[in-house]
Amino acid sequence: MWRHPSKAAGPLSVAADKAEIRQSMANHLLYSVGKDPLNATSRDWFLAAAFAVRDRLIERWMQTMRSYYDQDAKRVYYLSMEFLIGRTLGNSMINLGLHEAFRDAVSDLGYDLDELQGWEVEPALGTGGLGRLAACLLDSMATLDLPGYGYGIRYEFGMFTQHVEQGWQVEAPENWLRYGNPWEFPRPGVIYPVRFGGQVVEYRDAEGRTRHQWINTEEVMAMAFDVPVPGFGGRTVNNLRLWSAKSTREFNLRYFNAGNYMEAVRDKNESENLSKVLYPSDSTSRGKELRFRQEYFFVSASLQDILARFRKSHGSFDMLPGRVAIQLNDTHPAMVVAELMRVLVDDHHYDWHRAWDITKRTCAYTNHTLLPEALETWPVELFERVLPRHLGIIYQINHEFLNDVRHRWPGDMDVLRRMSMISEDDDRRVRMAHVALVGSHKVNGVAEIHTELMKSTIFADFERFEPGKINCKTNGITPRRWLLSANHGLAELITHHIGADWVTNLDHLRKLEPFAEDPEFRTRFAAVKRVNKVRLGHIVEQRLGVDVNVESMFDVMVKRMHEYKRQLLNLLHVVSRYNRIRANPTADYVARTVIIGGKAAPGYAMAKLILKLINDVADVVNNDPLVGDKLKLVFVPNYNVSTAEMIIPGANLSEQISTAGTEASGTGNMKLALNGALTIGTWDGANVEICEEVGEENMFLFGLTAHEVARLRRDGFDARKALDDNPDLRQVLEMIGGGYFSPDQPDRFRPIVDTLTVAGDYYLLTADYADYCATHLRADELFRHPDEWNRRAILNVARMGKFSSDRTVREYAEDIWNVQPRLEPALARAGE
């Protein structure tokens, strides 16, 4: 029987009596769901279970919030456009120490808990690593008893659902709220106006000081929905507050009575579009403006709420940096800098320099990309029309900042141009990363190599200007979801041998190292992996109709589809492997099952074409009788947190093959290694630090380094020469470009080949290809020796302690936020 360890003793650390849980579920089935047990479905029982768990969250949630007031705690506000939180039922039961009791209670009712959990629709509030990191950090803040709040948008449809039709990605709305969300609490009393447009009037006050008033604006209302976030052990339950857009004018009766029914609700529909969809397509000017408005909507509502909570206990905003830490997760919330300045200067008449000091000491910024095209910028024209006062504030911040730069480097116009918040190129744009960087007291990268490249490339001038401001906070993952919950068998095996302390202190996994030399432990470890592979094989067969060999190496690449992540490089190797098998089908090959998953942005044509190529290659490979089960290729559609929890525990090999210097960190590499997969990867992102921890001998690293990539691009890379030197690669590209995998349209994939030849191969696939293929041969050779493979896999698990999000959050708390864990809550006033 799988038994979850629990945290230190507390009111919720002992599993509740299953009879009490059965009664609670029966009550909720009747009074909350409105169903009789005689005709209740398993979905009805899921809701009853969710409400029963929620009951046990609420008291601790209220006590946590009260304690923050009682202790006048400094609070952390984590602002993120994405929170990819995954399913909540299982995670909450585990964190509250109730999983076993609920499983028994549900079984007594005649149901299987896994079946009930399957009814939970995953909130579509993110796309990938950015949102998953945010969710992990919230989990760790609560587990570490830190006063942490999340702020985001309650997207009605969120990220799209990905279907594959004839090999092509087809997007459908992700209507995750169709049946309601049992975990959220609507707060109709927590509603704030958010303004757009209008004009700015300049005037002088009674003391002759210049003031500004933002007038004649249009308004949208932001209404709060709260989601409790329990830490492990249930001591602390923090809050995730999501904003939903509501119109100030629900209905125009005059238009309705005149028969103009569409016009009667036009204002309502336009206003509420702000929280309809995560990342509306920016391929049109209307889509760009909607996304711009979304970001300010989220920032304005969150800041109003933060300041309202602050003002309940404090009179002067001079105390704000001592009681509030605002963390900007990427550039999407960067408007906080201008908005806080507007509130302090315009609404509360603070002196500019005093307001700037408060703002800068309150805000901190996390950068997530080194790609210049991914650093968010907005047209000045759009700012002028939608947020005219904020543009004026940014102009003034920029003027003051560039004056300081000018004093540091007199006469250097190039450095002024590079550091300005306004790009003066063909169309003038506001550089939001510069706004966030200048307006924050600390700026962090998310891996050591990423941080060093920030300092030496995109933000080199800023590092020279304020040395030490840019620091590293390497990403992490929560072991509660990504091992304890996702991989029951491995969690139980670990706990049996080293105890349960690893759940809240992942460094304890080091105690596993001696067991890597224990043949019996390696056998049990291998048995757990095989069970997970069998489960994954069944899922692949059920969803895709492909029968895979569970004795084969499960070679997994699951992440957002993007050229820099190089799913295409993986595919080139698959085609090369296919050619070798066809050329000599009787040879002794290590069987491979290559599993790929990930979504392409709807407007990203090349990523979608690569996805189509994956499916067309799979169709050929999987149906070739000469190949059989020596090689299979599957693309798993609609990759999300729940799918990741099924795929990752079954992986043998983890593909982390981005072009060196492009991936900020990555967290999939951490999840897969923690679950016992060996990494094949480049010297990029957190791969470098994983290598430092687990040892290069326990990974398969290959390819150019970031410095070699930079030098090759600077000196000029000749992709055609790389093809001339590699007949294997030339054959692969001729097959792809010549229609071997697309006989119905032979030139379909010619644009892919052209990016690697005519366009110069910007992401250097052809430069890394030979080393990549040779490294796969090394992996094949090791897989022939399963005992040694398992020994190295165990060492990977044992040495992953650094990559807990608990460590990440502790570093933020100590170095950036200056916050302390709360004390045990005392009863006081409730709610906010």
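1. Cavities. Seven cavities of 30 Å³ or more are counted in this predicted model. A cavity here is a set of points on a 1 Å grid over the protein atoms alone, where a 1.4 Å probe fits but cannot get out. Grid points are joined across faces, edges and corners, and a volume is the space filled by probe spheres set on the points.

2. Basis. The model is predicted, so local features need pLDDT of at least 70 and side-chain atom pairs count only at pLDDT 80 or more, while totals for chains, interfaces and linings use all residues. Residues are numbered from 1 along each chain as its sequence is written, and side-chain values use heavy atoms, with hydrogens and water left out.

3. Largest cavity. The largest cavity holds about 200 Å³ of space. Its lining has 16 residues; a lining residue has an atom within 4 Å of a point. Nearest the centre are I85, N91, A135, V229 and R481. Helices α3 (89-95) and α6 (129-143) and strand β8 (218-230) each supply at least two lining residues. Helices (H or I, at least four residues) and strands (E, at least two) are DSSP runs, numbered from the N terminus. The lining divides into eight nonpolar, four polar and four charged residues. Ala, Val, Leu, Ile, Met, Phe, Trp, Tyr, Cys and Pro count as nonpolar, Asp, Glu, Lys and Arg as charged, and the others, Gly among them, as polar.

4. Second largest cavity. About 120 Å³ of space lies here. Of its 14 lining residues, E120, V121, G180, N181 and P182 are closest to the centre. By class, the lining has nine nonpolar, three polar and two charged residues.

5. A three-stranded sheet. This open sheet has the order β12-β14-β13, with antiparallel pairing. Strands pair if DSSP finds at least two bridges between them. The edge strands, β12 (377-379) and β13 (422-423), each pair on one side only. Two bridges join β13 to β14 (residues 429-431). I422 has V430 in β14 as its bridge partner.

6. Nonpolar cores. The largest has 157 residues, and M25, F297, F383 and W817 have the most contacts inside it. Such a core is a set of buried (under 20% relative accessible area, 1.4 Å probe, protein chains only) Ala, Val, Leu, Ile, Met, Phe, Trp, Tyr and Cys residues joined through side-chain atoms within 4.5 Å. Helix α2 (residues 42-70) gives the most to this core, with 14 residues. A separate core has 115 residues, among them V546, L609, A673 and I752.

7. F297. Leaving out residues up to four places away in sequence, F297 touches residues including I153, F196, M221, W243 and L274. Contact means heavy atoms within 4.5 Å.

How values were computed. On a 1 Å grid over the protein atoms alone, a cavity is a set of points where a 1.4 Å probe fits but cannot get out, and a pocket is an open set with protein on both sides within 12 Å along at least five of seven lines; lining residues have an atom within 4 Å of a point. Buried means under 20% relative accessible area, exposed over 50%, partly exposed in between (1.4 Å probe, protein chains only).
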